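Look at the model first, then read on.

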Amino acid sequence: MIEENKEKVFILDFGSQYAQLIARRVRENNVFSEIVSHKITAEEIRKASPKGIILSGGPASVYVKNAPGCDKEIITLGIPILGICYGMQLGCQMLKATVQPTATREYGRTACTVNDNSKLFKSLSKDTTVWMSHGDQVVELPAEFESLAFTKNCPFAAVKHKTKPFHGVQFHPEVTHTPQGSKILRNFLYEICECTGDWKMHSYVENSVADIRKQVKDGRVVCGLSGGVDSAVTAALIHKAIGNHLSCIFVDNGLLRNYEAEEVINTFKNNFTVDLHPIDARERFLKKLKSVTDPEKKRKIIGHEFIEIFKEEAKKISQAKFLAQGTLYPDVIESIPAHGGPTVTIKSHHNVGGLPAELGFELVEPLRFLFKDEVRKIGEELGLPEELVWRHPFPGPGLAIRIIGEVTKPRLDILRSADKIVIEEIRKAGLYRSIAQCFAVLLPMSTVGVMGDERSYENVIAIRAVETTDFMTADWCHIPHETLGIISSRIINEVKGVNRVVYDISTKPPSTIEWE
Ligand code: XMP
């Protein structure tokens with residue numbers, strides 16, 4: 001739980017693709033933020049007493065029927081409000097301004113002139129660049145408003161109400177394309193909401209340890225380790241709280257990356273001296289995956305087998321009452337969508353956190369308020385090794401969904417060796433941390449090559465590297481050609497069974513990050 005007396009800012013979500021980004025930007029400024037539905041009542045907000053409220057952007061138009069709105073009473077709470085894009089239009093409309101479609105949509109980087117830099121724009125230069133993305137805008141402002149900034153096509157790019165605690169910006173301060181955006185948000189938090197900045201990872205660890213102790217008392221917690229950062233930080237945090245009352249289960253499914261299993265075992269057995277139950281299930285998974293080529297079938301088999309093994313092992317841990325899960329804040333938000341509505345299953349995700357309720361455990365989820373970058377900070381704070389804390393995300397079904405077609409031991413060995421080279425070279429080039437995810441994919445199709453004087457007829461390795469903040473959309477990385485060249489020649493020279501390397505230059509959407 002977040003302590004009651006801690007500063008927080010509520011972000012009312014009107015269906016913005018940037019709501020999570022706003023929340024992260026606020027937290028980067030050391031203020032805790034929470035995304036809440038736009039339907040939250042003024043009374044609920046009053047009870048929670050946030051220091052500020054941010055109204056997010058959104059795809060609707062404020063003047064259409066059934067446009068998402070908010071409780072009008074929030075204006076009377078005396079809590080500072082910042083409206084962003086749709087949020088600004090909504091706030092202005094509630095305060096009697098007129099919003100209309102623009103003649104020309106404003107989209108992208110735009111020059112903006114600030115005509116009042118008292119609080120929101122404090123320490124900002126008069127001329128700045130902002131990121132715009134709107135088809136509507138405020139066209140008429142009542143006299144109770146002041147205009148704070150304008151662009152060529154937008155006369156009210158930022159506004160302030162003279163008597164009510166409302167500011168609005170038509171642009172997006174949360175995106176990096178607004179270079180001074182973070183400063184603007186900081187000004188809102190510190191100059192207008194008068195926050196002091198008490199959201200620090202160190203105190204989160206202390207509070208979380210106290211919460212875990214309170215929840216678990218002298219019970220025993222079981223935690224599944226996957227090799228990834230989330231489950232590792234969960235385990236380390238719980239271990240700090242309850243020591244040897246934590247038991248960890250690590251299932252080696254044979255689908256992990258090079259030396260990953262050894263690393264997890266070493267870290268938790270030696271550094272943390274956790275009660276670790278490593279299970280070598282490599283053969284078991286391979287047998288189940290024999291002749292399976294359909295991606296969804298692979299996922300189902302792996303997910304199902306993992307649960308079976310976990311159940312068998314958890315039964316052996318007597319008096320285990322609690323199950324630790326590395327659920328993160330984005331998972332929590334996604335399970336309560338702003339507008340509900342059906343979403344299509346593109347891929348059925350399996351991860352260690354996906355254990356079914358029938359296991360009968362009470363859940364312990366110490367990361368449920370955190371974003372990934374915050375989890376990493378906590379991992380560092382808890383002394384987990386750097387390679388583990390900064391490891392790129394890795395899917396639950398592991399290398400099985402990076403081998404197109406049937407998963408076999410020789411194919412896994414080829415892919416592991418190629419993947420190791422990709423990661424080594426990306427690290428050497430100093431790119432590992434700036435890339436969100438980078439890996440090799442085995443395309444078990446043969447192509448012709450020539451090695452020495454011999455004809456070869458071997459597999460293809462594809463390299464995938466993406467930039468993304470939320471993994472919902474992604475762009476392929478522009479890795480320097482020189483680095484790609486080194487990777488390619490090392491793989492072809494060092495990995496037996498590969499004679500061709502290709503680079504994946506597809507964005508998500510329409511492609512996905514993983515190939516299966
Ligand atoms: P896609 O391929 O859907 O991947 O663009 C988005 C992100 O999710 C990861 N991923 C998974 N993670 N279990 C997981 O825990 C899964 O089954 C799974 N499938 C994809 C993927 O690696 C990327 O980070």
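How do the residues of the lining of the second largest pocket divide into nonpolar, polar and charged? They divide into 10 nonpolar, 2 polar and 10 charged. Ala, Val, Leu, Ile, Met, Phe, Trp, Tyr, Cys and Pro count as nonpolar, Asp, Glu, Lys and Arg as charged, and the others, Gly among them, as polar.

This is a predicted model: local features need pLDDT of at least 70, side-chain atom pairs pLDDT 80 or more, while totals for chains, interfaces and linings use all residues. Numbering starts from 1 along each chain as its sequence is written, and side-chain values use heavy atoms, without hydrogens and water.

The lining has 22 residues; Asp252, Gly254, Ala261, Arg282 and Arg416 lie nearest the pocket's centre. Elements that each supply at least two lining residues include strand S11 (246–252) and helix H13 (409–428).

Now the helices. Helix H6 covers residues 229–242.

| Pair | Axis distance | Angle |
|---|---|---|
| H5 (residues 201–216) and H6 (residues 229–242) | within 9 Å | roughly 65 degrees |
| H6 and H11 (residues 372–381) | 10 Å | about 45 degrees |

H5 and H6 are therefore roughly perpendicular (65 to 115 degrees). Their contact (heavy atoms within 4.5 Å) involves residues including Val205 and Ile212 of H5 and Leu237 and Ile238 of H6. It divides into 8 nonpolar, 1 polar and 2 charged.

In the other pair, Val229, Asp230 and Val233 of H6 meet Lys372, Val375, Arg376, Ile378 and Gly379 of H11. This contact has 4 nonpolar, 1 polar and 3 charged residues.

Definitions and conventions: Axes are lines fitted to C-alpha atoms, for helices over the stretch in contact, and angles run from 0 to 180 degrees between N-to-C directions. Helices (H or I, at least four residues) and strands (E, at least two) are DSSP runs, numbered from the N terminus. Angles under 35 degrees count as roughly parallel, over 145 as roughly antiparallel, 65 to 115 as roughly perpendicular and the rest as oblique. On a 1 Å grid over the protein atoms alone, a cavity is a set of points where a 1.4 Å probe fits but cannot get out, and a pocket is an open set with protein on both sides within 12 Å along at least five of seven lines; lining residues have an atom within 4 Å of a point.
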